[in-house]
Amino acid sequence: MEHLTRRHVLLGVATTVAALAAARPLSGQAPPTSAGPVDPGLIEDLVAANRILVDQGVLDGYGHVSVRHDRAADRYLMARSVAPELVTTADIMEYDLDSAPVDARGRATYLERFIHGEIYRARPDVRAVVHSHSPSVIPFGVTGVSLRPLYHMSAFLAGGVPVYDIRQASGGMTDMLVRNAMLGQSLARVLGSAPVALMRGHGAVVVGSSLPAVVFRSVYTEVNARLQMQAMALGGPVVYLDPEEARRAEASIAGTIPRPWELWKKKALGR
Ligand SMILES: [Zn+2]
């Protein structure tokens, strides 16, 4: 834990120096100042979340997870551009809601970081965001077949899963990446108040009130998508959760999320 604390302090100091010295890469403005030290436990959880999502088949060499700064609603934390399985505490960077890094120090940033900044701006209730290319959800983004909860673990999907089409949002052809603030805002609008939105021909974005919650939702969105394809392949009508069943199941399961989180975190951090 000591290394986390030391880095914690250094983050604030280095940030102030960088804020005075460096130019903001894209806009020519100075980089944003740091909101100050972050709870080391939150950084450890963010590292764990990266590795868990790989272990669970949600992320691979691509995709990212972020968490809102514990003391500043207008800042979030996310790794530099690196494969999620390789993320360590030293890779975690602070961003403002324009997704400008506070203290880049030459480190590359994820091209699609605007997904995170614009969702945090639009959704004060959201404290953690995952963007994935979660493989089993892809068919639901391209066929018009709605992703719906067919078991209690994915009851949170009951309010509906919107699909974001970048072609409509941009008005033309793109490389499919949410690579600027305008596209990030259009994605946040499609997400609305939902926990999950699919991205046509690309992946998904999942939000939650904490890292354990967003990891739980990301894992069970992937599992539900797989199960729904299997159920549909068997033929016959699929019985989905009734909205009332979903409401009750979500309320019951919410209190149990620490159980899988503890297990996943232990495995992910190798302890
Ligand atoms: Zn992506």
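Colleague: At what angle do helix H2 and helix H7 pack?

Modeller: At about 5°. This is a predicted model, by the way. H2 covers residues 40–55, and H7 covers residues 211–234.

Colleague: And how far apart are their axes?

Modeller: The axes of H2 and H7 are 10 Å apart.

Colleague: Roughly parallel or roughly antiparallel?

Modeller: H2 is roughly parallel to H7, because angles under 35 degrees count as roughly parallel.

Colleague: Which residues in H2 and H7 meet?

Modeller: From H2, there are Asp45, Leu46, Ala49, Ile52 and Leu53. They meet Leu211, Val215 and Ser218 in H7.

Colleague: How many of the residues in that contact are nonpolar?

Modeller: The contact of H2 with H7 has 6 nonpolar residues. It also has 1 polar and 1 charged residue.

Colleague: New topic. What is phi of serine 99 near?

Modeller: Phi of serine 99 is near 65°. That is a positive value in a residue other than glycine.

Colleague: Where does serine 99 lie?

Modeller: In the loop between strand E3 (92–96) and helix H3 (114–122).

Colleague: Is serine 99 buried or exposed?

Modeller: Serine 99 is buried, because it has 24 other C-beta atoms within 10 Å. The cut-off for buried is 20 or more.

Colleague: What about phi of methionine 176?

Modeller: Phi of methionine 176 is near 80°. Again, the value is positive and the residue is not glycine.

Colleague: Which loop holds methionine 176?

Modeller: The loop between helix H5 (166–170) and helix H6 (181–191).

Colleague: How many other C-beta atoms lie within 10 Å of methionine 176?

Modeller: There are 15, so methionine 176 is partly exposed.

Conventions
Residues are numbered from 1 along each chain as its sequence is written. This is a predicted model: local features need pLDDT of at least 70, side-chain atom pairs count only at pLDDT 80 or more; totals for chains, interfaces and linings use all residues. Axes are lines fitted to C-alpha atoms, for helices over the stretch in contact, and angles run from 0 to 180 degrees between N-to-C directions. Helices (H or I, at least four residues) and strands (E, at least two) are DSSP runs, numbered from the N terminus. Angles under 35 degrees count as roughly parallel, over 145 as roughly antiparallel, 65 to 115 as roughly perpendicular and the rest as oblique. Two residues are in contact if their C-beta atoms, placed from the backbone, lie within 7 Å. Ala, Val, Leu, Ile, Met, Phe, Trp, Tyr, Cys and Pro count as nonpolar, Asp, Glu, Lys and Arg as charged, and the others, Gly among them, as polar. A residue is buried if 20 or more other C-beta atoms lie within 10 Å of its own, exposed if 12 or fewer, and partly exposed in between; C-beta atoms are placed from the backbone.
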